[in-house]
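I opened the notebook to record what I looked up in this model, entry by entry. The entries follow the order in which I went through the topics.

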Amino acid sequence: MSRQSMKSGKPGVGKPLTLEPLAMSVQLGARAYRALWNGIVAGTIDSGVQLRPDAVAEQLDISTTPVREALYRLEADGVVVKLPYKGWYVREFTEQEVRDLYEMRATLECFGVRLACERITDEQTRWLREHQAVGEAALADADMEAYRLYNRDLHAAIVDAARNAYLTSVMVQVDLHSQVLVAKTIRLAGRPSRGIEEHRELIELIARRDEHAAQDLMRVHILSASEDIIRFAIGRPAQALPAVAT
């Protein structure tokens, strides 16, 4: 990915930054990382929002040192960018970056589906069906955070069922960026309902070991999500970020 494309954050847009204070711990850097990561993937910290170490440290009730450690980790993950003389911002993805990412996801997860159709166990199939009920309950309750976790875990379980260590390893990095964008898709009108129906059908295709139909559905499922992000979530005007206490 080019250095220029990684520096596309813009100041002052999105929702207010809201984080819970952290208890004292020798692993404050790791905990600050998790708090920021959770906020970003849950959509409570928008793309383009500035992450000022002093403001974040005050909200988490810790010093700025572990916050900076967390920000450097997030920068290495490609989730946060640091702009010269300006500071850290939650990364904003360009249209081309979204397409590239979801094309790679579609390729990898279709491969995972093919292997899963060959290798999935009865126990794993039962888990997928039971987990589908978790997602349907979350959607019925309009609990989008629970739905996001259901979606994440279902896709991960299909990859696990493929039983290919290299696929699992590659998916870790792809998933880091995907989770940031999934927070956008699940809040688009109609997208979660469509997604959960596709998941239900996908589970049954895998259970029947219909690898061709399962791969076709997974490809449509992932690539249609990218198109929804590009049409409705990338480059949309956002509300100004209210002042954050420092």
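I began with the salt bridges, of which the structure holds 15, a salt bridge being a side-chain nitrogen of Lys or Arg within 4 Å of a carboxyl oxygen of Asp or Glu. I note that this is a predicted model, in which local features need pLDDT of at least 70 and side-chain atom pairs count only at pLDDT 80 or more, while totals for chains, interfaces and linings use all residues. Residues are numbered from 1 along each chain as its sequence is written, and side-chain values use heavy atoms, with hydrogens and water left out.

I looked up Glu118 and found a salt bridge with Arg114, the closest N and O atoms being 3.4 Å apart. The two are four residues apart in helix α4, and so are separated by about one helical turn; helices (H or I, at least four residues) and strands (E, at least two) are DSSP runs, numbered from the N terminus. Glu118 is partly exposed at 44% relative accessible area, and Arg114 is partly exposed at 27%, where buried means under 20%, exposed over 50% and partly exposed in between (1.4 Å probe, protein chains only).

I then turned to helix α9, where Asp228 and Arg231 lie three residues apart, about one turn of the helix, and their side chains meet in a salt bridge of 2.8 Å, N to O. Asp228 counts as buried, at 5% relative accessibility. Arg191, Arg194, Asp228 and Arg231 are linked in a network of salt bridges.

Next I asked which residues lie closest to the centre of the second largest pocket. Two or more lining residues come from each of α4, α6 (144–162) and α7 (165–185). Arg152 also forms a salt bridge with Asp153, with the closest N and O atoms 2.9 Å apart.

I looked at how far helix α2 (residues 53–60) is enclosed, and six of its eight residues are buried, so the rest of the structure largely encloses the helix. The buried residues are Pro53, Ala55, Val56, Ala57, Gln59 and Leu60, and what covers them includes α1 (28–41), α3 and β2 (87–90), contact meaning heavy atoms within 4.5 Å. Leaving aside its neighbours within four places in sequence, Leu36 is in contact with Leu19, Ile45, Leu51, Val56, Ala70, Leu71 and Leu74.

My last entry concerns backbone angles. Most residues other than glycine have a negative phi. Ala142, in the loop between α5 (122–140) and α6, has a positive phi near 55° and is exposed, with a relative accessible area of 57%. Arg209, in the loop between α8 (191–207) and α9 (211–232), has a positive phi of about 60° and counts as partly exposed at 38% relative accessibility.

Notes: On a 1 Å grid over the protein atoms alone, a cavity is a set of points where a 1.4 Å probe fits but cannot get out, and a pocket is an open set with protein on both sides within 12 Å along at least five of seven lines; lining residues have an atom within 4 Å of a point.
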